[in-house]
Amino acid sequence: MRVRAGKQAVLGMSSSSRSSIGLYSQLLLLLSLTLLCSQLQLAIAKEQYHEFVIQEAAVTRLCRSRTIMTVNGQFPGPAVEVSEGDCLVVKVTNNGNYNVTVHWHGVRQMRTGWSDGPEFVTQCPIRPGESYTYRFTVQAQEGTLWWHAHSSWLRATVHGALIIRPRAGVPYPFNDGKPPAREIPVILGEWWDMNPIDVVRAATATGAAPNTSDALTVNGQPGDLYKCSSKDTTTFPVKSGETNLLRFINAALNTELFVSLAGHTMTVVGVDASYTKPYATSVLMIAPGQTTDVLVTFDQPPGRYYLAARAYASAQGVPFDNTTTTAVFDYGAAAASTGSPAMPTLPAYNDTATATTFTTSLRGLRKAELPSHVDESLFFTVGVGLFNCSGGQSCGGPNNTRFTASINNVSFVLPSTVSILQAHYHGAAGVFTADFPANPPVQFDYTAQNVSRALWQPVPGTKVYKLKYGYVVQIVLQGTNIFAAENHPIHIHGYDFYILAEGFGNFNAATDTAKFNLDDPPMRNTVGVPVNGWAVIRFVADNPGVWLMHCHLDVHITWGLAMAFLVEDGVGVLQSLEAPPPDLPLC
């Protein structure tokens, strides 16, 4: 309690008072950087230091040139490659025009919530001209994750791969332990002719839905099917007989994607940096935020083959980007390099059956370490809604309303003066309340065709749900059919979780509990809640801090489809949140 009182005093200091301890803070920072990666790690682990500079860069897409926000002038940004157990130290300097943070999507951030990155949740943003150093260890995770901006819609162009390989001497648990001939990051994205920040600001001003993207991309390029794009189509050289590991990342803001590679079978071996039993398929469905690792043996006649991706758009009557992006896998055979590459057959945009087949076919590689008892059983409804327009205003939503979204009828509002984690750590009042509901305030037929209009308008609030350290948490995520039902990719920061089951309609504990896979459920950090359906997840609250849960369709988090868990400290230092770093950005 004595320490917490000191933290409260620091939080309340003026900027000039804080600057008087600047030299001391710098000394603390140097000391923390020296000690961070030596704590609780084996000698084999390494410290990796990177510098990210947020800056503008000029690019040309779809016949038009404009400037975009990038890291180090690269789009997509630089890939960060580590081994499991390594410590990452990444100094981010903001030379752009917008406030920015960086989120290390899927990294557990054990006790290092100050490095998680969501703006006003775990930190205040890095203002133009300032910098912040993220420091964390990548533990007990292998595979593909990624990093991206977590401020407004900057992640449209500020993103990149985070590749986690096994430690030296530890083989991959697939392909008979043999390393793949090549490892190829494949980042799927969206492109707007306008500045994405202007797109979301224009929509927010009126409450309308934002404009859909103008193109889909593979590694930043739209591909052959778009105007002025063929000469820059992403091309991956391969060799006959090779088995390569393709690391797919869906970095699109608002579009779930079907993906297929002409003439080739893809064998899924990992999702969200968790290994799976091998699953052979001709099509993937990857939601924004998700990653999928696949092995492909290039055993077809030498030639060129399209990788193609198009939208899985589950919401009826809602506009979406109905274009197709392509990249080329090229065997390099001169005789076969003329003519058009082979094109795969992609599912229809509304093929929910194919999407469901993919997600329900995934199994964890090993038997799950799954507690049988549950300490916290939660039921969360997720969906969109409408706010009434304020008197005298003209709003851009249906019938002069504003679009919104919510979990359990609470539309999440970010603080603007301090982050939730700072307020929690320092004991500051008035920033958030700890009364997020464990169940929807009103029970109704969540997936009915005509949900009562009285249920369409949520309540805005900055609410968290408290969890005791070590509690086993189970959440039923129930989609609703308010305004429009849709598949919602729900991401939890700071945690992986087991997906026990999914289904359609309203979850019924009496009958649906029997469908739980308690043996080898897949582990993910982002789960697709089926359109007009439900998913059940389970995890152990073993990471103290404040952790955002939100829909990874950025349009929906903009509207408020989010909440946060506040996981309390356990017993002792190793079960407690670390102290904030001295260079944590000021608000």
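Contact here means heavy atoms within 4.5 Å. With that in hand, take Trp104: leaving aside neighbours within four places in sequence, Trp104 is in contact with Phe52, Val90, Gln109, Ser115, Asp116, Tyr134, Phe136, Trp146 and Trp147. Keep in mind that this is a predicted model.

**Nonpolar cores**

- Trp104 is among the residues with the most contacts inside the largest nonpolar core, along with Phe380, Ile475, Leu477, Ile490, Met549 and Phe565. That core has 94 residues.
- Strand S32 gives the most to this core, putting in 6 residues.
- Another core lies apart from it, with 46 residues, among them Leu62, Val218, Leu284 and Val294.
- As background, nonpolar side chains tend to be buried together in soluble globular proteins.

**The five-stranded sheet**

- Here 5 strands make an open sheet in the order S24-S32-S31-S26-S29, and the pairing is mixed.
- Strand S24 (464-467) and strand S29 (526-529) are the edge strands, each pairing on one side only.
- On average, neighbouring strands of this sheet are turned by 20 degrees against each other, direction ignored.
- Zooming in on one pair, S26 (residues 488-492) and S29 run antiparallel and share 4 bridges.

**The six-stranded sheet**

- A second open sheet has 6 strands, ordered S10-S9-S12-S17-S14-S15, again with mixed pairing.
- S10 and strand S15 (274-281) stand at the edges with a single partner strand each, so one side of each has no neighbour in the sheet.
- The twist from one strand to the next averages 25 degrees.
- Inside the sheet, strand S9 (residues 183-191) and strand S12 (residues 243-250) run parallel and are joined by 6 bridges.
- Leu188 stands opposite Asn250 in S12.

- Ile286 sits in strand S16 (residues 284-286).
- Is Ile286 buried or exposed? With a relative accessibility of 0%, Ile286 counts as buried.
- Not counting residues up to four places away in sequence, Ile286 touches Leu188, Phe248, Asn250, Glu256, Leu257, Val259 and Thr292.
- For a sense of distance, the C-alpha atoms of Ile286 and Pro460 are separated by 30 Å, and the two residues are 174 apart along the chain.

**Helix H5**

- In helix H5 (residues 352-360), the buried residues include Thr352, Ala355, Thr356 and Phe358.
- These four cover an arc of only 160 degrees around the axis, so they end up on the same side of H5.

**Disulfides and cysteines**

- The model has 3 disulfides. In general, a disulfide is a covalent bond between the sulfur atoms of two cysteines.
- One joins Cys63 to Cys228, with an S to S distance of 1.8 Å. Cys63 is in the loop between strand S1 (47-61) and strand S2 (64-71), while Cys228 is in the loop between strand S10 (215-218) and strand S11 (235-237), so the pair ties together parts 165 residues apart in sequence.
- The S-S torsion of Cys63 and Cys228 is about 85 degrees, which makes this disulfide right-handed. Cys63 is partly exposed, at a relative accessible area of 43%.
- Another joins Cys124 to Cys587, S to S 1.6 Å. Cys124 lies in the loop between strand S5 (102-105) and strand S6 (131-137), and Cys587 in the segment after strand S32 (562-567), so parts 463 residues apart in sequence get tied together.

Methods:
Residues numbered from 1 in each chain as written. Predicted model: local features only at pLDDT ≥ 70, side-chain atom pairs only at ≥ 80, totals over all residues. Heavy atoms only, no water. Disulfide = S-S within 2.5 Å. Helix = DSSP H or I, 4+ residues; strand = E, 2+ residues; numbered from the N terminus. Buried < 20%, exposed > 50% of the residue type's maximum accessible area, 1.4 Å probe, protein only. Pairing = 2+ DSSP bridges. Axes fitted to C-alpha atoms, helices over the stretch in contact; angles between N-to-C directions. Core = buried A, V, L, I, M, F, W, Y, C linked by side-chain atoms within 4.5 Å. Arc of directions from axis to C-beta.
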